[in-house]
Amino acid sequence: MEKKQTENGDHEEETQPKQPIPLLTPYKMGPFQLSHRVVMAPLTRQRSYGYVPQPHAILYYSQRATKGGFLISEATGISDTAQGFVHTPGIWTKEQVEAWKPIVDAVHAKGAVFFCQIVHVGRVSNSGFQPNGKAPISSTNKAAKPVISSGGFEVEFSPPRRLNTDEIPEILNDFKVAAMNAMEAGFDGVEIHGAHGFLIEQFLKDQVNDRTDEYGGSLENRCRFALQIAETVSNAIGPQRVGFRLSPWTDYFDASDSNPAALGLYMAEALNKYRVLYLHVVEPRVTINVDEQNSSGRRHDSDSLVPIRKAFKGTFLAAGGYLRDDGNEAVEEGRADLIVYGRWFLANPDLPRRFELNAPLNKYDRATFYTSDPVVGYNDYPVLEDEATCAIKA
């Protein structure tokens with residue numbers, strides 16, 4: 001280490017500036033200059049009463065916004081047929097658009113970039129959520145199996161109605177209108193939700209899609225619907241404002257595929273044609289027996305994303321149980337440009353700051369993930385300054 005001479009002739013060691021960790025280095029994502037690579041995941045929170053975002057979301061999102069940070073909104077329905085969960089937001093009506101505006105403004109006031117994740121749940125619904133009690137729509141007429149909710153009770157899904165080929169353009173238009181509405185609300189772009197067993201995945205994956213028209217059978221046919229959505233939305237708002245989320249290896253709501261690696265690779269290569277800004281992929285995970293509050297609770301199968309990452313020409317986002325160290329490693333090794341954090345960002349509004357200081361993380365309360373309370377488990381997780389104040393008072 002070099003020494004410098006002081007005014008009285010003594011020498012002292014010159015301290016080197018501390019280098020930021022990989023997660024906290026700047027990154028240029030298309031037209032957006034990000035100051036760090038810690039992304040807030042799209043997180044369903046079920047606090048939007050009547051499918052309309054509420055004022056308490058202003059604090060929730062702005063708490064997690066930083067200058068040059070990147071946030072993705074909770075999954076937001078594109079139409080009145082797109083819903084399958086209580087108190088989730090939409091963006092197909094003027095009222096919903098107006099309700100989103102102050103939320104987006106608050107995030108922008110903090111200097112962050114904000115994308116709206118747009119979704120259609122397809123068969124992950126029941127007739128009670130559908131207009132006039134009709135059957136949900138899907139790629140198939142096979143119902144998803146019941147699941148156990150976070151509250152411990154069984155949730156059943158109504159048998160869906162298989163979309164006719166000539167109805168597909170109507171759904172494409174719903175995605176287009178939702179994307180344009182998101183821009184009207186002030187969002188910087190949209191993320192198309194093509195993951196987690198919802199409508200797009202019901203077309204993508206061969207264990208669900210049993211169609212015999214041009215949207216079923218071969219890998220190319222099964223990806224057609226997703227790619228038409230990407231093209232339609234990109235043409236409407238510009239590809240530099242469009243991201244796409246995939247989860248080839250997951251099996252949410254019985255949506256699995258016999259060759260997830262091939263599916264992911266095909267979609268990555270095909271999306272290049274439409275020049276979308278980013279591809280957001282959920283990693284395959286292998287569960288191990290550890291305390292998930294002290295580690296991710298899972299082991300990364302990091303090599304599986306490498307071919308997809310290499311094939312896609314835009315920004316690459318990786319998600320799936322990352323913490324500070326493995327997020328740093330993924331960025332440093334070039335396996336992802338940005339790392340997406342879900343439950344840890346939920347419980348730590350100042351997550352980038354905690355990563356910078358290597359500070360302890362708040363524990364999350366899974367029981368309050370999906371309650372309708374506007375404060376508890378939503379806006380009441382402390383930031384570091386709050387904790388310091390509490391410690392002084394104690």
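A residue counts as buried when its relative accessible area is under 20%, as exposed when that area is over 50%, and as partly exposed in between, using a 1.4 Å probe and protein chains only. The model is predicted, so local features need pLDDT of at least 70 and side-chain atom pairs count only at pLDDT 80 or more, while totals for chains, interfaces and linings use all residues. Residues are numbered from 1 along each chain as its sequence is written, and side-chain values use heavy atoms, with hydrogens and water left out.

Thr88 is found in the loop between β7 (76-77) and α2, and because its relative accessibility is 7%, Thr88 counts as buried. Its side chain makes a polar contact (a pair of N or O atoms within 3.5 Å, where one must be able to donate a hydrogen and the other to accept it) with the side chain of Gln83, at 3.0 Å. A polar atom of the Thr88 side chain also lies 3.1 Å from the backbone oxygen of Phe85.

Turning to the helices, α1 (residues 56-63) and α2 (residues 94-109) pack with their axes 8 Å apart and at an angle of about 25 degrees. Since angles under 35 degrees count as roughly parallel, α1 and α2 are therefore roughly parallel to each other. The contact, meaning heavy atoms within 4.5 Å, is made by Ala57, Ile58, Tyr61 and Ser62 of α1 together with Trp100, Pro102, Ile103, Ala106 and Val107 of α2.

Key
Axes fitted to C-alpha atoms, helices over the stretch in contact; angles between N-to-C directions. Helix = DSSP H or I, 4+ residues; strand = E, 2+ residues; numbered from the N terminus. Parallel < 35°, antiparallel > 145°, perpendicular 65-115°, else oblique.
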